[in-house]
Amino acid sequence: MDFVNAVEMKRFSSDKYQKVNLFETPLSAMDVYCLQPGQAQKVHTHAGSDKYYFVLEGTATIQIGQEERDLGPGWSALARPGVEHGITNRSAGSVSVLVFQAPKTF
């Protein structure tokens with residue numbers, strides 16, 4: 001599949017945040033993360049890849065290194081190789097974020 005609508009692919013669960021794969025190649029991956037209020041992706045690192053976040057809807061708290069920012073639609077963030085990063089939904093509404101990683105390390 002070479003064309004997808006990330007907004008139409010969103011799905012949410014009350015159990016945990018959802019990571020919906022849009023594309024995956026040997027070189028990269030693109031997902032949409034869907035978080036209900038209170039859900040989070042734990043802080044982690046990737047030694048050899050960049051991770052990009054682009055907020056589609058809601059207000060996401062994104063941590064890059066020691067800095068946290070509340071970002072709304074249209075905002076993006078970059079976690080460079082080896083830098084801790086994660087995302088939390090501290091808002092009262094749903095959050096969806098487009099996430100791109102290259103090179104793929106998983």
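The legends below walk through several close-up views of a predicted protein model.

In this predicted model, local features need pLDDT of at least 70 and side-chain atom pairs count only at pLDDT 80 or more, while totals for chains, interfaces and linings use all residues. Residues are numbered from 1 along each chain as its sequence is written, and side-chain values use heavy atoms, with hydrogens and water left out.

**View 1**
Helices (H or I, at least four residues) and strands (E, at least two) are DSSP runs, numbered from the N terminus. Along the principal axes, the C-alpha atoms fill a box of roughly 35 × 35 × 25 Å. Of the contacts with a separation of 6 or more, 60% are between residues 24 or more positions apart; contact means heavy atoms within 4.5 Å.

**View 2. The surface of the protein comes to about 6,000 Å² of accessible area.**
Carbon and sulfur atoms account for 53% of this accessible surface. Accessible areas come from the Shrake-Rupley method with a 1.4 Å probe, and for residues only the protein chains shown count as cover. Buried residues make up 37% of the 106 residues. Buried means under 20% relative accessible area, exposed means over 50%, and partly exposed is in between (1.4 Å probe, protein chains only).

**View 3. The largest nonpolar core gathers 13 residues.**
A nonpolar core is a set of buried Ala, Val, Leu, Ile, Met, Phe, Trp, Tyr and Cys residues joined through side-chain atoms within 4.5 Å. Look for Tyr33, Tyr53, Ala60, Ile62, Ile87 and Val97, which touch the most other members. Two or more residues come from each of β2 (29-35), β4, β5 (60-64) and β9. Strand β9 gives the most to this core, with three residues. A second, separate core of five residues includes Val20, Leu22, Val32 and Cys34.

**View 4. Tyrosine 33 and its contacts come into focus here.**
Neighbours within four places in sequence are left aside in this view. Among the residues in contact with tyrosine 33 are Tyr17, Gln18 and Lys19, along with Gln41 and Lys51. Tyr53, Ile87 and Val97 are also in contact with tyrosine 33.

**View 5. Tyrosine 52 and phenylalanine 100 form one of two aromatic pairs in the structure.**
Rings of Phe, Tyr and Trp (its six-membered ring) pair if their centres lie within 6.5 Å; planes under 30 degrees apart count as stacked, over 60 as edge-to-face and the rest as tilted. This pair is tilted, with 6.0 Å from centre to centre and 40° between the planes. Tyrosine 52 sits in strand β4 (residues 50-57) and phenylalanine 100 in strand β9 (residues 95-102), so the pair ties together parts that are 48 residues apart in sequence. Tyrosine 52 is partly exposed at 34% relative accessible area, and phenylalanine 100 is partly exposed at 27%.

**View 6. Lysine 10 and glutamate 57 form a salt bridge, and the whole structure has three such bridges.**
A salt bridge is a side-chain nitrogen of Lys or Arg within 4 Å of a carboxyl oxygen of Asp or Glu. The closest N and O atoms of lysine 10 and glutamate 57 are 2.7 Å apart. Lysine 10 lies in the loop between α1 (6-9) and β1 (18-24), and glutamate 57 lies in strand β4, so the pair ties together parts that are 47 residues apart in sequence. Lysine 10 is partly exposed at 25% relative accessibility, as is glutamate 57 at 26%.

**View 7. Arginine 90 and glutamate 68 form another salt bridge.**
Their closest N and O atoms are 3.0 Å apart. Arginine 90 lies in the loop between β8 (85-88) and β9, and glutamate 68 lies in strand β6 (residues 67-71), so the pair ties together parts that are 22 residues apart in sequence. Arginine 90 is exposed at 54% relative accessibility, whereas glutamate 68 is partly exposed at 40%.
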